[in-house]
Amino acid sequence: MYEDGYTTIDNIDISDVVIQAMQAKHSDKTGLTWEVMDCTALNHPDGIYDVVFDKGTVDSLLCGEGSTAKVATVFSEISRVLKDDGTLFMVSYGIPDNRLSYLENADYNWTVKVHAIPKPTVTAVRDPPARACATHSPPSHPPPAATTPTPRTAARVAAHRLR
Ligand SMILES: C[S@@+](CC[C@H](N)C(=O)[O-])C[C@H]1O[C@@H](n2cnc3c(N)ncnc32)[C@H](O)[C@@H]1O
């Protein structure tokens, strides 16, 4: 956002470790403020923000104790600090149905739009190809009784042989 020209941003997190680390990381950027704050009790005055951006904080609150009441309070706080024509951007791993009940609250009178963002796939660390191990010294003892090995079990067997 900063690089796209949105350079006046107040950043909060409940963790002072996070705030210190992010402040240090972005110390070259003017216009940013950093404050330890609980998003269920914002210190900001009413109606001052054009945009509020949540990425993962509501998700994390929903994993904790008293989640439903806490998250309802967060949205009430967001609604309070947003200008009347302001926008909340919420980036969430949750499925929309599990978030919309909070957002589509008549008290806020928000128009809610959902955009799906493709989730990046995370590739688990791959075992080396079994073939690459096959050139090493012959086994000093036989591998465990083998069924037809899949590449993964074959790699494990090869590692066993090398010990
Ligand atoms: C999943 S992380 C997301 C961090 C960041 N938005 C990102 O996308 O990398 C959730 C963050 O919410 C913060 N957090 C949890 N409860 C909070 C609260 N009540 N008020 C403010 N921040 C909170 C955590 O400290 C953590 O940094």
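Helix α2 contributes the largest share of the shell around the ligand, namely three residues. Helices here are DSSP runs of H or I with at least four residues, strands are runs of E with at least two, and both are numbered from the N terminus. The model is predicted, so local features need pLDDT of at least 70 and side-chain atom pairs count only at pLDDT 80 or more, while totals for chains, interfaces and linings use all residues. Residues are numbered from 1 along each chain as its sequence is written.

The ligand has 13 residues around it, and Ile14, Cys39, Lys55, Gly56 and Thr57 come nearest. A residue is near a molecule or strand if its C-beta atom, placed from the backbone, lies within 6 Å of it. At least two residues of the shell are supplied by each of β1 (9-13) and α2 (57-61). By class, the shell holds five nonpolar, five polar and three charged residues. In this scheme, Ala, Val, Leu, Ile, Met, Phe, Trp, Tyr, Cys and Pro are nonpolar, Asp, Glu, Lys and Arg are charged, and the others, Gly among them, are polar.

Strand β1 also runs parallel to β2 (residues 32-36), to which five bridges join it; two strands pair if DSSP finds at least two bridges between them. Within this pair, Asn11 stands opposite Trp34, and Asp13 stands opposite Val36. In a regular strand the side chains alternate between the two faces of the sheet. Together with helix α1 (residues 16-25), β1 and β2 make a right-handed β-α-β unit.

Ile48 lies in the loop between β2 and β3 (49-55), and counts as exposed because 12 other C-beta atoms lie within 10 Å. A residue is exposed with 12 or fewer such neighbours, buried with 20 or more, and partly exposed in between, the C-beta atoms being placed from the backbone. The C-alpha atoms of Ile48 and Leu82 are separated by 5.9 Å, although these residues are 34 residues apart along the chain.

Asn109 is located in the loop between α4 (97-103) and α5 (130-133). Asn109 is exposed because it has 8 C-beta neighbours inside 10 Å.

Notes: Right-handed = clockwise from strand over helix to strand, strands pointing away.
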